[in-house]
Amino acid sequence: MTINFLASATITQGAGAVPAIQSDQFGLQQINRVGFAAHTANAATSGAIPTWTAVEFDLKNNFNAGTGKFTASIAGNYFFKYYQLVNHATAGEYRAILLLNGSGITGRSIFYKINSNVHTTIQVEARVNLNVGDWVSAYIEVAPAAMAADAGWSFFQGYRI
């Protein structure tokens, strides 16, 4: 590992250099930022990780829309939120959680829908400590029917805090 502070702050590890400090448009220096946001027009079903039709941004290319998984490239504390629109679904209990490396983590959401033909949103938010290589995804734990989504109204996002 080499550290070069003369030209700009970079850390070289292995084959490539990684900026240790970046400046935003105002010249403010910040530690590497990590974050993503995605939304979907896909329906979500019970016992499944939702997939995403559009990635609004992904600062470090850590999010895979096809698998629905965010994989940490930098260790630290992260904040995630998942909102799923329930649109004209059947009555029953709907539950969503966040998964950390395939296991449920803090942030369980439970919603009981008494009537059909009603719009509502189930949501989960959680702060999670991640190591490099850990992955997080949204997960529909229980749903009596597919939860239909309207484009752009169901989303998953996270960022390093």
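**View 1. Surroundings of F80 in the predicted model.** Apart from neighbours within four places in sequence, F80 is in contact with F36, F70, L98, V124, E125, A126, V128, L130, V136, F156, Q157 and G158. The coordinates shown here and in the views that follow come from a predicted model. F80 is also named, together with F70, Y82, L98 and F156, among the residues that touch the most other members of the largest nonpolar core, a set of 27 residues.

View 2. Two or more core residues come from each of β6 (35-40), β10 (76-87), β11 (92-100), β14 (119-130) and β15 (135-142), and the largest share, 5 residues, is given by β14. As a general background to this view, nonpolar side chains in soluble globular proteins tend to be buried together.

**View 3. S137, a buried serine in strand β15.** S137 lies in strand β15 and has a relative accessible area of 0%, so this residue counts as buried. When residues up to four places away in sequence are not counted, S137 touches I49, G68, K69, I97, L98, L99 and F156.

**View 4. The salt bridge between E141 and R95.** The structure holds 1 salt bridge, in which the side chains of E141 and R95 meet at 3.2 Å, taken from N to O. Because E141 lies in strand β15 and R95 in strand β11, the pair ties together parts that are 46 residues apart in sequence. Both partners are partly exposed, with a relative accessibility of 23% for E141 and of 22% for R95.

**View 5. S46 beside E141.** S46 is found in the loop between β6 and β7 (54-58), and at 36% relative accessibility this serine counts as partly exposed. Although S46 and E141 are 95 residues apart in sequence, their C-alpha atoms are 5.8 Å apart in space. E141, for its part, is the residue whose side chain meets that of R95 in the salt bridge.

**View 6. I161 in the segment after β16.** I161 lies in the segment after β16 (154-160) and, with a relative accessibility of 54%, counts as exposed. Its contacts, not counting residues up to four places away in sequence, are with N77, Y78, F79 and R127. The C-alpha atoms of I161 and G76 are separated by 7.6 Å, while the two residues are 85 residues apart along the chain.

View 7. The protein chain has 0 helices and 16 strands, and 37% of its 161 residues count as buried. Among contacts with a separation of 6 or more, 67% join residues 24 or more positions apart. The chain exposes about 8600 Å², of which carbon and sulfur atoms supply 52%. The average pLDDT is 77, and 66% of the residues score at least 70. Over residues 2-8 the pLDDT stays under 50, and for this stretch the model has 7 contacts beyond four places in sequence. Where pLDDT is low, the predicted coordinates should not be read in detail.

Key: Residues are numbered from 1 along each chain as its sequence is written. This is a predicted model: local features need pLDDT of at least 70, side-chain atom pairs count only at pLDDT 80 or more; totals for chains, interfaces and linings use all residues. Side-chain values use heavy atoms; hydrogens and water are left out. Helices (H or I, at least four residues) and strands (E, at least two) are DSSP runs, numbered from the N terminus. Buried means under 20% relative accessible area, exposed over 50%, partly exposed in between (1.4 Å probe, protein chains only). Contact means heavy atoms within 4.5 Å. Accessible areas come from the Shrake-Rupley method with a 1.4 Å probe; for residues, only the protein chains shown count as cover. A nonpolar core is a set of buried Ala, Val, Leu, Ile, Met, Phe, Trp, Tyr and Cys residues joined through side-chain atoms within 4.5 Å. A salt bridge is a side-chain nitrogen of Lys or Arg within 4 Å of a carboxyl oxygen of Asp or Glu. pLDDT is the predictor's confidence in each residue, from 0 to 100.
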